[in-house]
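Have the structure open while you read.

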Amino acid sequence: MSRSLILGAALSSVVVLMALLSFVWTPYDHAALNIPDKLQPPNAKHWFGTDHFGRDMFSMIMVGARTSIAVALVAVGIGMGFGVPLGLTAAARKGSWLDELIMRGNDLVFAFPSLVIAILITAVFGPGAVNAIIAIGIFNIPVFARITRGAALSLWEREFILAARVAGKGAARISAEHILPNVANLLIVQGTIQFSLGILAEAGLSYVGLGAQPPTPSWGRMLADAQTMVSFAPHLALIPGLAIIVTVLGLNLLGDGLRDWLDPRIRVARA
């Protein structure tokens, strides 16, 4: 087991456990205003200090982790849920009009970054975490579709697939029983990468006001609120920024470690 896998799993676990703990306990009410204690630096009473409304930063970071993880997790689920079947279908129908339609649709979605999609959705339905999930999820669909199609195409000419076709199995059954299990490792690794990108995307959308709305804490929103106070209260920006960095770093290390662990070719090369 590689060091990157161990370190990535440790960092990711800390963030996930902190988010889960926020459901049952936080040091203070994350929404409680306490103006006399505003802008306190980190101290024994408030481990991460307080913001300009006197809210406890550590409690807000804990609940913000819950928000970021929920948005990114559901968005990745949307990307996998739609992208993987589309990729399998395109690979099974390589060269057909259906394959061309799916891939050109992917190109169309790729032409609009998640921020642009979020702006379009917000213009119709208004800002919010749900719309951020939809925007990030839509952007994830072509990612998983392309990766699934590319991996599946290399398998369709393998002997065990030819044997399955001779046995009378249809394309859909072969994709489900033989192709999908053989590309699952690649999808798991890509899922961790997209998860980290989803954390960044949620923070970016919240920073510009298109993500989770107050009073729900969000790391991106905390950065936006802190930008005018960095000179005299740097902890307001440093703490949520470090939370984003640690989370994304942990997930990327986890993805690299899983790739090394799950790919037998890399294990053999390193051995």
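## Overall build

Of the 271 residues in the chain, 46% are buried, where buried means under 20% relative accessible area, exposed means over 50%, and partly exposed is in between (1.4 Å probe, protein chains only). Keep in mind that this is a predicted model: local features need pLDDT of at least 70, side-chain atom pairs count only at pLDDT 80 or more, and totals for chains, interfaces and linings use all residues. Residues are numbered from 1 along each chain as its sequence is written, and side-chain values use heavy atoms, with hydrogens and water left out.

The secondary structure comes to 10 helices and zero strands; helices (H or I, at least four residues) and strands (E, at least two) are DSSP runs, numbered from the N terminus. Along the principal axes, the C-alpha atoms fill a box of roughly 75 × 50 × 30 Å. Take the contacts (heavy atoms within 4.5 Å) with a separation of 6 or more: 69% of them link residues 24 or more positions apart.

## The cores

A nonpolar core here is a set of buried Ala, Val, Leu, Ile, Met, Phe, Trp, Tyr and Cys residues joined through side-chain atoms within 4.5 Å. The largest one has 41 residues, and Ile61, Trp156, Ile179, Phe195, Ile199 and Trp219 touch the most other members. Helices α1, α2 (57-92), α5 (129-153), α6 (159-166), α7 (171-207), α8 (219-226) and α9 (235-262) each supply at least two residues of this core. The most comes from α2, with 12 residues. Apart from this core lies another, of 12 residues, with Ile117, Ile133, Ala135 and Ala201 among them.

Helix α8 is largely enclosed by the rest of the structure, because six of its eight residues are buried. Those are Trp219, Gly220, Arg221, Met222, Ala224 and Ala226. Their cover includes α1, α2, α7 and α9.

The chain exposes about 13600 Å², with carbon and sulfur atoms supplying 70% of it; areas come from the Shrake-Rupley method with a 1.4 Å probe, and for residues only the protein chains shown count as cover. Val16, Leu17, Leu20, Leu21, Phe23, Val24 and Trp25 make a nonpolar surface patch of about 730 Å². Leu21 belongs to helix α1 (residues 3-21).

Thr26 is found in the loop between α1 and α2. Its side chain reaches the backbone oxygen of Tyr28 at 2.7 Å. Leaving aside neighbours within four places in sequence, Thr26 is in contact with Ser59, Met62 and Val63.

| Residue | Relative accessible area | State |
|---|---|---|
| Leu21 | 37% | partly exposed |
| Thr26 | 18% | buried |
| Leu39 | 26% | partly exposed |

Most residues other than glycine have a negative phi, and most peptide bonds are trans. Leu39 has a positive phi of about 60 degrees although it is not a glycine, and Leu39 lies in the loop between α1 and α2. Pro214 and Pro215 are joined by a cis peptide bond, with omega about 10 degrees. Look for Pro215 in the loop between α7 and α8.

Methods: Patch = residues over 30% accessible without salt bridge, like charges linked within 9 Å, V, L, I, M, F, W, Y side chains within 5 Å. Salt bridge = Lys/Arg side-chain N within 4 Å of Asp/Glu carboxyl O. Polar contact = N/O pair within 3.5 Å; in protein donor to acceptor, adjacent residues only side chain to side chain.
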